[in-house]
Amino acid sequence: MRVYVKAYGLLSDHVKEGFYEFREGATVGEAVESILPDSIRGRFSISVFVNGEAATGERVLREGDRMVLLPPSSGG
């Protein structure tokens, strides 16, 4: 199944924007694990939104979903 992925901040240096192919029934957690490079996987918490709503790692993706990855933010 095809899901559109967009990453912001430092994640955009590592995850190319566009459509990704995932197996039918893949979860958000599985999708994120498969597209993040080893160099940043697990280094910090990532917020994920699917179709504009916050999503947990257990959420099942569907054909045509739009997934957004946000790195942690810092203020000042």
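Mentor: Terms before anything else: helices (H or I, at least four residues) and strands (E, at least two) are DSSP runs, numbered from the N terminus. The model is predicted, so local features need pLDDT of at least 70 and side-chain atom pairs count only at pLDDT 80 or more, while totals for chains, interfaces and linings use all residues. Residues are numbered from 1 along each chain as its sequence is written, and side-chain values use heavy atoms, with hydrogens and water left out.

Trainee: Okay, how many helices and strands are in the protein chain?
Mentor: One helix and five strands. Going along the sequence, the pattern is β-β-α-β-β-β.

Trainee: And in what order do the strands sit in the sheet?
Mentor: The five strands make an open sheet in the order 2-1-5-3-4, with mixed pairing. Two strands pair if DSSP finds at least two bridges between them.

Trainee: Which strands stand at the edges?
Mentor: Strand 2 and strand 4. Each has a single partner strand, so one side of each is left without a neighbour in the sheet.

Trainee: How does strand 1 pair with strand 2, and how with strand 5?
Mentor: With strand 2 (residues 18–21), strand 1 pairs in the antiparallel sense over four bridges. Arg2 stands opposite Glu21 there. Strand 1 and strand 5 run parallel and are also joined by four bridges. On that side Val5 stands opposite Met67, and Lys6 is opposite Val68.

Trainee: What about strand 3 and strand 5, parallel or antiparallel?
Mentor: Antiparallel, over four bridges. Phe49 has Val68 of strand 5 as its bridge partner.

Trainee: Where do the side chains of strand 5 point?
Mentor: They alternate. Buried here means under 20% relative accessible area, exposed means over 50%, and partly exposed is in between (1.4 Å probe, protein chains only).

Trainee: Let's move to the core. Which residues touch the most other members of the largest nonpolar core?
Mentor: Val5, Phe22, Leu61, Met67 and Leu69, out of 21 residues. A nonpolar core is a set of buried Ala, Val, Leu, Ile, Met, Phe, Trp, Tyr and Cys residues joined through side-chain atoms within 4.5 Å.

Trainee: Which elements give two or more residues to this core?
Mentor: Strand 1 (2–7), helix 1 (28–35), strand 3 (47–50) and strand 5 (66–70). Helix 1 gives the most, with four residues.

Trainee: Back to Val5. What is Val5 in contact with, leaving aside neighbours within four places in sequence?
Mentor: Val15, Lys16, Glu17, Gly18, Tyr20, Phe22, Ile35, Met67 and Leu69. Contact means heavy atoms within 4.5 Å.

Trainee: Switching to loops, where is Thr27 found?
Mentor: In the loop between strand 2 and helix 1.

Trainee: Buried or exposed, that Thr27?
Mentor: Thr27 counts as buried because its relative accessible area is 17%. Leaving aside neighbours within four places in sequence, Thr27 is in contact with Gly57, Glu58, Arg59, Val60 and Leu61. A polar atom of the Thr27 side chain lies 3.3 Å from the backbone oxygen of Gly57.

Trainee: And where is Thr56?
Mentor: In the loop between strand 4 (53–54) and strand 5. Thr56 is partly exposed, at 48% relative accessibility. Its C-alpha atom is 6.9 Å from that of Val28, although Thr56 and Val28 are 28 residues apart along the chain.

Key. A polar contact is a pair of N or O atoms within 3.5 Å; within protein, one must be able to donate a hydrogen and the other to accept it, and residues adjacent in sequence count only if both atoms are side-chain atoms.
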